[in-house]
Amino acid sequence: MKKHQMQLRFSVALAALGVGFLAVHLPAASPQGQQQPSEIAVVISGDPGTPPRYAVPDFVALTPDAAEAAKTIGQVLWDDLNYEKEFYLIPRDTYGSVPAARSPESIPFASWRELGADAVVFGTVQRTGNDVRVQVRLFNVRTRQSVFAKEYGGSAANPRLYPHTIADEIHQQQRGLRGVARTKLAFVSDRNRQRVDGTVENREVKEIYIADYDGANARRVTTSRQLNANPNWAPDGRALAYTTWRPNPDVFISFIYQGVMQNPTKGVGTNYLPVFSPDGKQIAFMSGRSGNPEIYAMNVDGSNLRRLTNHPAGDSSPTWSPNGMQIAFTSDRTGKPQIYVMSSVDGSNLRRITVDESEADRPTWSPSINEIAFAARTSSSGFDIKVYDPNSGQTQKITFGEGTNESPAYAPNGRHLAFASTRSGRTQIYTVGRDGKDLRQITRDGSNQTPAWSN
Amino acid sequence: MRNQKAAIIVGLVVVALAGGCSRNKKPATSPQPAPTVTDATETAPPAPPQRVEDSVPLPQPNLAEDAVANKSIDDLNRNSPLKPIFFPLDSAELDDTGRAIATADADVLKKYATWAITIEGHCDERGTAEYNLALGERRATAVKAYLASLGVSGERIKTVSYGKEFPFDMGHSEEAWSKNRRGHLVITSK
């Protein structure tokens, strides 16, 4: 941590894979030549018992054409830092009493302190043609010292990329927390309003889309003009497995940044609901190839295929445990859907884990802790999302009967879930905290379903 | 006139013969008037001319004239002779009504023995998207098994589940749901 403070020379590091810009550590803004204290508290604290209060004003546009980006970056950084609830973000519409600073030296710390801020962000944006340079510093308002200082450069096309990166780095530095601001959601949408080819029925295509974790920057991934469903991210975030109907339903893997597609199940029988193992080497899926829906697993290239369930009821919705040794799935072998767990190697050690639900369906194992979210029937026409802790046996509801709620997907840090809900009419994607608070609507265009959250 | 005289002569001969055969009768004292039949003979039309003609072959009834078989696959599927089989809630078993419809469908498929079909399994919206993929798969498979039990070769039948992705009725009532729990038969080749 001290390194951030003491670093006087620029060090260049590539930002995370797939993020096309450079990040540079800035010299700390303390007066040069002055001796630094041997131990500087990098972590900014709030008043005892309360989270630190952060202020994120607009970034300063150093060139006139950077004004829009500067405004976007400030707002998005505020949203991103607010998302994990580690900090209290002072609302931006209360900053009017604080004079705007044009440089780190002119930050009105006294005014920020009056507003109750423990931390304040100061940033600048400079635009050169299609490129942008973003400088950011995080100041401890009490000590007036910069605890985080960095410069980023890259394309001006998507300014939201910069605050997402800054927020993740601040969460990491200040809280040792893996933020999710740079993660993505994949989901299925009918927003293109195209008709399905090859049928006389009036059916709209559903294609796979990806968007930033906050719903911005949505892009279409598949263009099959058929039904596509159930996207699932490879752990490295470079590929999506999904079901596509051509019209035979089959498992495909799209390497979305390479334009390459693979078909590991090769059209043998009907294949649905693929999910990557946590190490990315295997895929579990449902297949009707035996004449009944059963759970199978295979290597991502289709080799080492093995059948894990064998029951005349329907077995569906496989999900891997964080260590990859177990698979949870839905089965209606007792008449109604319930959740079971078995070995991912051979289907042994089968046991039912939901006992108090009339119907428990579509499990998804948290990638970070031993916890399973699922859809529990709470009315004749609807479900709510619940989370189940296998250690304590406790189940907690995180949606509360507004519309029907299904297809939960954990954020990689386990602190949030995405799900599909009909609460506003057509099915849309929402995210919610693990505690059921801080609901956010992510999609609005067309109807959108079955979210998957990238690492 | 000659015909008239000949008729009178014939008449006399007939009378004479009659008298000769019936000896107990008294001989006629005077000739009887000529029978009126002679007038009929006089007005009879000539025999019709013999018709001379060749037979014209008529088109024979065959499959090419079958109103169903002659349609394109798309037209067939738009107004299909194969009716959907509806299912009870959360069930993949055909009920009595479903079996009756499937039996009628099997008869159509046996009549048009070259047709290949896909059975689509569909569900109402009340289960989850994922569960309904499994349920739709089981519905499609159940219809296929029933058709096979009636003698329709499984080789002609593919199955697919669409879960709740393509409801027939977009409504949210029991009436809509009952239409959406179905095995939908699509003709794919003929």
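A crossing of two helices is called left-handed if the near helix is turned anticlockwise from the far one by less than a right angle, and right-handed if clockwise. The structure is a predicted model, in which local features need pLDDT of at least 70, side-chain atom pairs count only at pLDDT 80 or more, and totals for chains, interfaces and linings use all residues. Residues are numbered from 1 along each chain as its sequence is written, while chains are lettered from A and ligands numbered from 1 in the order in which they are written.

In chain A, helices H2 (residues 67-83) and H4 (residues 161-175) have axes, fitted to C-alpha atoms over the stretch in contact, that come within 8 Å and cross at roughly 35°, and this crossing of H2(A) and H4(A) is right-handed. From H2(A), Ile73(A), Val76(A), Leu77(A), Asp80(A) and Leu81(A) meet a set of H4(A) residues that includes Tyr162(A), Ile166(A) and Ile170(A); contact here requires C-beta atoms, placed from the backbone, within 7 Å. The residues of this helix pair comprise nine nonpolar, one polar and one charged.

Finally, the contact between the chains takes 33 residues from chain A and 20 residues from chain B.

Conventions:
Contact = placed C-beta atoms within 7 Å. Axes fitted to C-alpha atoms, helices over the stretch in contact; angles between N-to-C directions. Helix = DSSP H or I, 4+ residues; strand = E, 2+ residues; numbered from the N terminus. Nonpolar A, V, L, I, M, F, W, Y, C, P; charged D, E, K, R; others polar.
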